[in-house]
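The sequence and structure come first.

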Amino acid sequence: MVQTTDLSKRFERVQALDGATLSVPPGCTGLLGPNGAGKSTLIKLLLGLLTPDRGEARVEGFDSTRQALAMRAIVGYMPEHESLPSDWMAQDFVRYMAELHGLPSRVAIQRASDTLFHVGLGEERYRAIGGFSTGMKQRVKLAQALVHDPRVMFLDEPTNGLDPAGRDEMLVLIDRIAHEMGINVILSSHLLADVERVADHVVILSTGRVVAQGALRALMTATPAVTVRTQDGALPLAEALRRRGYTVQIEGQELHVEYESDDVYDAIRDAAVETDAALVHLKRRVLTLEDIYLAGQDDSPPNGARDGAGRAVAAAGASGAGGQEP
């Protein structure tokens, strides 16, 4: 759906994006990174609103620089910042945006009504936007990005400023758009829980570079460790495994044993028999999105959770550090 190769953009002395190469499949993809990581710059480059210094970007096969107008006809964009005309009624604004995308006036009127109902503003659509709450304004922004039935939607911090109930409702809408309506979604956010809830894939940026990308489930299970919990005897068990050539970390009565193949399970069994250790729990370790995210922000992650995440990031295609986005 989206592909970039060596995509770079510099603003004066700040390297906002530095050699970003990524491949985004269909579905819902979370674009993660701290402030200054390059998320907004990447979206603007994909939309053809900025010209890259180096590299290229394609959205649904369209070159974002050379075919920007044709590409923007099939995408929807929900910006992060306030960008709505306060004296317009929601119905008129969304209808106008539909017409800008080429829908005939009569069709645009109906589509605007249907879309505003879909996002929960059916009863409010004839009110001036200036009197709307933050949550209602976010829904109007979502509606104008959706009204022309795009093939791809770029959502930049769609839950920004929402209370817990409003945030939950927005995520339900995004999930429905991506998984029931079949529209590809790129969700830019710094909230890990939002991405983990609705995304199928993730791209993680740090200081202008892609540090991890891939299917979310695959990244979270790409940890090279097995967790073993014992009732007692953790230290003797760890020493027995180390004598067999395994790297082991101890956390209380839990061991994290380096995983290279399924042979590790036989080694754990034999070491437990040798040391008379009472095993309580044994499973392949699963990372959280937070583990993966934090590892991507740290070139030299410490031991423990971030160490496993660091290896998962490396397996997904990690790179080094670069500059910052203004």
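## Strand pairing at the start of the chain

Two strands pair if DSSP finds at least two bridges between them. Helices (H or I, at least four residues) and strands (E, at least two) are DSSP runs, numbered from the N terminus. The model is predicted, so local features need pLDDT of at least 70 and side-chain atom pairs count only at pLDDT 80 or more, while totals for chains, interfaces and linings use all residues. Residues are numbered from 1 along each chain as its sequence is written, and side-chain values use heavy atoms, with hydrogens and water left out.

Strand 1 (residues 2–11) pairs with strand 4 (residues 54–59) in the antiparallel sense, over five bridges. In this pairing, glutamine 3 stands opposite arginine 58 of strand 4. Strand 1 also pairs with strand 2 (residues 14–24), again in the antiparallel sense, over seven bridges; here leucine 7 stands opposite alanine 20. The two strands of this second pairing, strand 1 and strand 2, form a hairpin with two residues between them.

## Overall dimensions and surface

The chain contains twelve helices and 14 strands. Its C-alpha trace spans about 80 × 45 × 30 Å along the principal axes. Of its 326 residues, 49% count as buried, where buried means under 20% relative accessible area, exposed over 50%, and partly exposed in between (1.4 Å probe, protein chains only). Contact means heavy atoms within 4.5 Å; of the contacts with a separation of 6 or more, 67% are between residues 24 or more positions apart.

The accessible surface comes to about 14,800 Å², and 48% of it belongs to carbon and sulfur atoms. These areas come from the Shrake-Rupley method with a 1.4 Å probe; for residues, only the protein chains shown count as cover.

## Nonpolar cores

A nonpolar core is a set of buried Ala, Val, Leu, Ile, Met, Phe, Trp, Tyr and Cys residues joined through side-chain atoms within 4.5 Å. The largest one has 51 residues, and Val94, Val140, Leu142, Met153, Leu155, Ile174 and Val185 touch the most other members. Apart from this core lies another, of 25 residues, among them Ala20, Leu46, Ile186 and Leu205.

Which residues does leucine 142 contact, leaving aside its neighbours within four places in sequence? They are Met78, Val119, Met153, Leu155, Met170, Leu173 and Ile177.

Helix 1 (residues 39–46) is largely enclosed by the rest of the structure, because seven of its eight residues are buried. The buried residues are Lys39, Ser40, Thr41, Leu42, Ile43, Leu45 and Leu46. Glycine 48 follows helix 1 and has a positive phi, near 75°.

Serine 105 belongs to helix 4 (residues 105–118). This serine 105 is partly exposed, with a relative accessible area of 41%. Its C-alpha atom is separated by 41 Å from that of alanine 215, 110 residues apart along the chain.

## Positive phi at two glutamates

Most residues other than glycine have a negative phi. Glutamate 12 has a positive phi, near 50°, and is found in the loop between strand 1 and strand 2. Glutamate 157 also has a positive phi near 50°; its place is in the loop between strand 7 (152–156) and helix 6 (164–179).

Are these residues buried or exposed? Glutamate 12 counts as exposed, at 80% relative accessibility, whereas glutamate 157 is buried, with a relative accessible area of 5%.
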